[in-house]
Amino acid sequence: MITVRKSQDRGHFVSDWLESYHTFSFATYHDPDQMGFRSLRVINQDRVKPGGGFPLHPHKEMEILSFVLEGTLKHEDNLGHEGLIHAGEVQRISAGTGIMHSEYNSSDTEEVHFLQIWIVPAEQGLAPSYESKSFEPKEPNSLQLLASRDGRYGSVVVHQDLSLYSGTLESGHSLPYHLVVGRHAWIQVTSGDLEVSGHLIAAGDGAAVSEETVIGLSTPGRAKFLLFDLG
């Protein structure tokens, strides 16, 4: 079963420095039918203008991933971590018992475009922790593991039974993804058009996959996407 979540149906928020689209209920956007998928709770597509950003604020009991698509994001937290996250890099915060952090666009001239992803952890009361990694681009028409429970292949560690992949597909190529029986997937398109087992979805769209053992992925042009393999 594949259920498509169209980009235009997402929540939308605009301020003088931020434009954000919410795949699932978040902040002032609430839809009781869109409260997440499995352990995946939030996918926000954020565009932050130069100099703008989220001031110091708290989080608890959540795994938070930031995946930068364009530009550079500046991170600071009360544990002493500070750094820049560039396009293609992934930051993981395990908020656990509590953390304070801020995120700003570090550029005076360029917008930063990133996805903020929240995952409900498998257990409560973890000590807060932080991790940031860059990944060498893989060849097109393949998947690259960004996050996993065991940190395999150099991925960042998340405290939940999931694997997060980034993928790039080019026209004329297909990429089957095999799901273990009983597992689920969420696919989020970041650019281009992607065909997911016969369903054509575009940038900003998502697709929930359940009760399938093989997901057929292809594109009429060129597409980039994230694939969550979820328990």
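## Basis of the report

This is a predicted model, in which local features need pLDDT of at least 70 and side-chain atom pairs count only at pLDDT 80 or more, while totals for chains, interfaces and linings use all residues. Residues are numbered from 1 along each chain as its sequence is written, and side-chain values use heavy atoms, with hydrogens and water left out.

## Aromatic pairs

Rings of Phe, Tyr and Trp (its six-membered ring) pair if their centres lie within 6.5 Å; planes under 30 degrees apart count as stacked, over 60 as edge-to-face and the rest as tilted. The whole structure holds five aromatic pairs. In one of them, the ring centres of Trp-17 and Phe-54 are 5.1 Å apart and the planes stand at 85 degrees, so this pair is edge-to-face. Trp-17 sits in the loop between strand 2 (11-14) and strand 3 (18-22), and Phe-54 belongs to strand 5 (residues 53-59), so the pair ties together parts 37 residues apart in sequence. Strands (E, at least two residues) and helices (H or I, at least four) are DSSP runs, numbered from the N terminus. Trp-17 is partly exposed, with a relative accessible area of 24%; buried means under 20%, exposed over 50% and partly exposed in between (1.4 Å probe, protein chains only).

The rings of Phe-37 and Trp-186 have their centres 5.7 Å apart and their planes at 50 degrees, so this pair is tilted. Phe-37 is in the loop between strand 3 and strand 4, while Trp-186 is in strand 17, so the pair ties together parts that are 149 residues apart in sequence. Phe-37 counts as buried at 13% relative accessibility, and Trp-186 is buried at 3%.

Strand 11 (residues 112-119) is mostly covered, with eight of its eight residues buried. In a regular strand the side chains alternate between the two faces of the sheet. On one side of strand 11 are Val-112, Phe-114, Gln-116 and Trp-118, on the other His-113, Leu-115, Ile-117 and Ile-119, and all are buried.

Two strands pair if DSSP finds at least two bridges between them. Strand 4 (residues 40-48) runs antiparallel to strand 11 and is joined to it by eight bridges; Ile-43 has Ile-117 as its bridge partner. Strand 6 (residues 63-70) is also antiparallel to strand 11, with seven bridges, and Glu-70 stands opposite His-113.

Seven strands form an open sheet in the order 1-20-17-22-15-13-14, with mixed pairing. Its edge strands are strand 1 (2-5) and strand 14 (156-157), each of which pairs on one side only. Four bridges join strand 17 and strand 20 (residues 206-209) in the antiparallel sense, and Gln-188 has Gly-206 as its bridge partner in strand 20.

Ser-148 lies in strand 13 (residues 142-148) and counts as buried at 0% relative accessibility. Leaving aside neighbours within four places in sequence, Ser-148 is in contact (heavy atoms within 4.5 Å) with residues including Ser-155, Val-157 and Leu-162.

## Nonpolar cores

A nonpolar core is a set of buried Ala, Val, Leu, Ile, Met, Phe, Trp, Tyr and Cys residues joined through side-chain atoms within 4.5 Å. The largest has 22 residues, of which Leu-40, Leu-65, Ile-117, Leu-164, Trp-186, Leu-226 and Phe-228 touch the most other members. Strand 4, strand 6, strand 11, strand 13, strand 15 (162-170) and strand 22 each supply at least two residues of this core. A second, separate core of 21 residues includes Ile-2, Leu-143, Tyr-165 and Ala-185.

## Salt bridges

Side chains of opposite charge can pair when their charged atoms come close. A salt bridge is a side-chain nitrogen of Lys or Arg within 4 Å of a carboxyl oxygen of Asp or Glu. There are 10 salt bridges in the whole structure. In one, the closest N and O atoms of Glu-131 and Arg-92 are 2.8 Å apart. Glu-131 lies in strand 12 (residues 129-133) and Arg-92 in strand 9 (residues 90-94), 39 residues apart. Both residues of the pair Glu-131 and Arg-92 are buried.

Another salt bridge joins Asp-229 and Arg-183, whose closest N and O atoms are 2.6 Å apart. Both Asp-229 and Arg-183 are buried.
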